Amino acid sequence: MHFFYLLITDKNPYSKNKKKIKNIYSIFRARFCLVRVYLAFTTNFFPWLTIIVVFPIATGFFIFFLPHRGNKVTRGYTIYICVLELLLTTYAFCYHFELDDPLIQLAEDYKWIDFFGFYWRLGIDGLSLGPILLTGFITTLATLAAWPVTRNSRLFYFLMLAMYSGQIGSFASRDLLLFFIMWELELIPVYLLLSAWGGKKRLYSATKFILYTAGGSVFLLIGVLGIGLYGSNEPTLNLEILANRSYPVALEILFYIGFLIAFAVKSPIIPLHTWLPDTHGEAHYSTCMLLAGILLKMGAYGLVRINMELLPHAHSLFSPWLIIVGTMQIIYAALTSPGQRNLKKRIAYSSVSHMGFIIIGIGSITDTGLSGAILQIISHGFISAALFFLAGTSYDRIRHGYLDEMGGLAIPIPKIFTLFSILSMASLALPGMSGFVAELIVFFGIITSQKYFLIAKILITFVMAIGMILTPIYSLSMLRQMFYGYKLFNGVNSYFFDSGPRELFVLISILLPVLGIGIYPDFVLSLSVDKVEAILSNFFIENFHE
């Protein structure tokens, strides 16, 4: 570079064709910059995760500056941003993530606020990889599902993009305080989406949602500050450092209870679940897709990432209670769901029931059970999002949300009927679907656990089996009330148009992964198998030293 600079200056008396040399210098400099950009994109030093986290909310602000030409420009821009974000995430993970490495990858560590010693720490491993990809996939489809939204569409789509950043930031955070900030960032858009674009009781459900989640966040903040400030002259909130710390048993139990309450609200775990049916019953179905597909999974992710990985002694003590509560949750929600008149509330209670399998898998303390719980997180994210989308598209046609006012829909909308039936079968764990494989692996996890006596394992398995028998009762009765029998409602039009290309694209895009995971589950299990082994090996080592 310096050589070319000397050639084009007046200090070189031998230069006869300075214009030509300047052109050569410009070309060389441009190619050098391109090489630097190429090296940045093909090495791990590029801030991939920061861009992936910040990109949705940063580009979302430009929505308010788009020209006023109806909703077409806003919708197209938002979908373009979501697709671009999903492609960027997929590229970064495919080319820069090694599946056989259980350590943190794509790590970023920047000092943010000097006064507090606050760092912007991001990183992913096999545990966070699946939820991040699920977030991108479901959010993109939820944005496409929100196509009919016309009232204040700019704010609506901006809130969806802000929620997108908060969810990915929660899964990618490697600093406890950053995790808490992303956790709260994700709650604010949900409250606004509920209160502005919900049903008749939207303000009630939004208020109930924010009271429950804000109350849980108080316990989360206390736990974050307590675990970060304990036992060191220099406080740290780095998850890698905290994973190697030990605490007095009583203090660790207190930390565990605080985090457990926070994550139990979000998962949800009974009896802190009552906000969920009301929220789903009143929210727009695109918001329901994000709530059921991603938000509930953040609570289960927190149980593994913080309660299990950072506090193994307390988790060993509480794991039997987790299994008992998870088993009760499966039975309770399965018995409560058939009594719900509201279609979305019935699906919401089925979500509560299926989350019980995740809790049992986490409490089994086996690699099989934990792998089944992680697989259930991904599987249920797809299935629940599809069911809520189908419930919403059905409501758009008949303008009725109560099952006892429906009937005979199979003839006017056969495509929706077919897809609703297939995905309901996936929800009740039909063999060949992802739900069957996930719940079966959780079964094997609890059976092979060395922590519990044989009688206890047989009893738990028996009760779980009863829950699986109850699931077809409320799923098939839902299909019967909606699609079979006589037409019981008076719609706006005597003719209902069936699913269009947009709706079919959303449903088939979700159905294909459900079938793919059901046929070849190792595709998802291979993402986290090394991380699961690392968590359990450290878990048993620490318990052994105790």
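## Helix packing and pockets in a predicted model

Helices α14 and α15 are roughly antiparallel to each other, because angles over 145 degrees count as roughly antiparallel and these two helices pack at an angle of about 175 degrees. Their axes lie 8 Å apart. On the α14 side, the residues in contact include Leu343, Lys344, Ile347, Ala348, Ser351 and His354. On the α15 side, they include Gly369, Leu370, Ala373, Gln376, Ile377 and His380. Sorted by class, the contact of α14 with α15 has 13 nonpolar, seven polar and one charged residues.

The model described here is predicted. The protein has 546 residues, of which 58% count as buried. Its secondary structure comes to 20 helices and two strands. Among the contacts in the protein with a separation of 6 or more, 79% are between residues 24 or more positions apart.

Helix α16 spans residues 414–427, and helix α18 spans residues 454–483. The axes of these two helices come within 10 Å and cross at roughly 170 degrees. The helices α16 and α18 are therefore roughly antiparallel to each other. From α16, the residues that meet α18 are Ile416, Phe417, Phe420, Ser421, Ser424, Met425 and Ser427. Their counterparts in α18 are Thr471, Ser475, Leu476, Met478, Leu479, Met482 and Phe483. By class, the contact of α16 with α18 has nine nonpolar, five polar and no charged residues.

The largest pocket has a volume of about 1100 Å³. Of the 36 residues that line the largest pocket, Gly199, Gly281, Glu282, Lys344 and Tyr395 are the closest to its centre. The elements that give two or more residues to this lining are α8 (202–229), α11 (275–282), α14 (343–363), α15 (367–398) and α19 (501–519). Lys344 also belongs to the contact of α14 with α15.

The second largest pocket holds about 560 Å³ of space. Of the 21 residues that line the second largest pocket, the closest to its centre are Leu133, Leu134, Phe523, Val524 and Leu527. Here the elements that give two or more residues are α4 (72–96), α5 (126–145), α15, α19 and α20 (522–545).

Which helix gives the most to the lining of the largest pocket? It is α15, with five residues. In the second largest pocket, α5 gives the most, with five residues. The table sets out the lining of each pocket by class.

| Pocket | Nonpolar | Polar | Charged |
|---|---|---|---|
| Second largest pocket | 17 residues | four residues | no residues |

**Serine 528**

Serine 528 has its place in helix α20. Is this residue buried or exposed? Serine 528 has a relative accessible area of 3%. A residue counts as buried when this value is under 20%, so serine 528 is buried. Leaving aside residues up to four places away in sequence, serine 528 touches Gly126 and Ile374. The helix that holds serine 528, α20, is also one of the elements that give two or more residues to the lining of the second largest pocket.

How values were computed:
Residues are numbered from 1 along each chain as its sequence is written. This is a predicted model: local features need pLDDT of at least 70, side-chain atom pairs count only at pLDDT 80 or more; totals for chains, interfaces and linings use all residues. Side-chain values use heavy atoms; hydrogens and water are left out. On a 1 Å grid over the protein atoms alone, a cavity is a set of points where a 1.4 Å probe fits but cannot get out, and a pocket is an open set with protein on both sides within 12 Å along at least five of seven lines; lining residues have an atom within 4 Å of a point. Grid points are joined across faces, edges and corners, and a volume is the space filled by probe spheres set on the points. Helices (H or I, at least four residues) and strands (E, at least two) are DSSP runs, numbered from the N terminus. Ala, Val, Leu, Ile, Met, Phe, Trp, Tyr, Cys and Pro count as nonpolar, Asp, Glu, Lys and Arg as charged, and the others, Gly among them, as polar. Axes are lines fitted to C-alpha atoms, for helices over the stretch in contact, and angles run from 0 to 180 degrees between N-to-C directions. Angles under 35 degrees count as roughly parallel, over 145 as roughly antiparallel, 65 to 115 as roughly perpendicular and the rest as oblique. Contact means heavy atoms within 4.5 Å. Buried means under 20% relative accessible area, exposed over 50%, partly exposed in between (1.4 Å probe, protein chains only).
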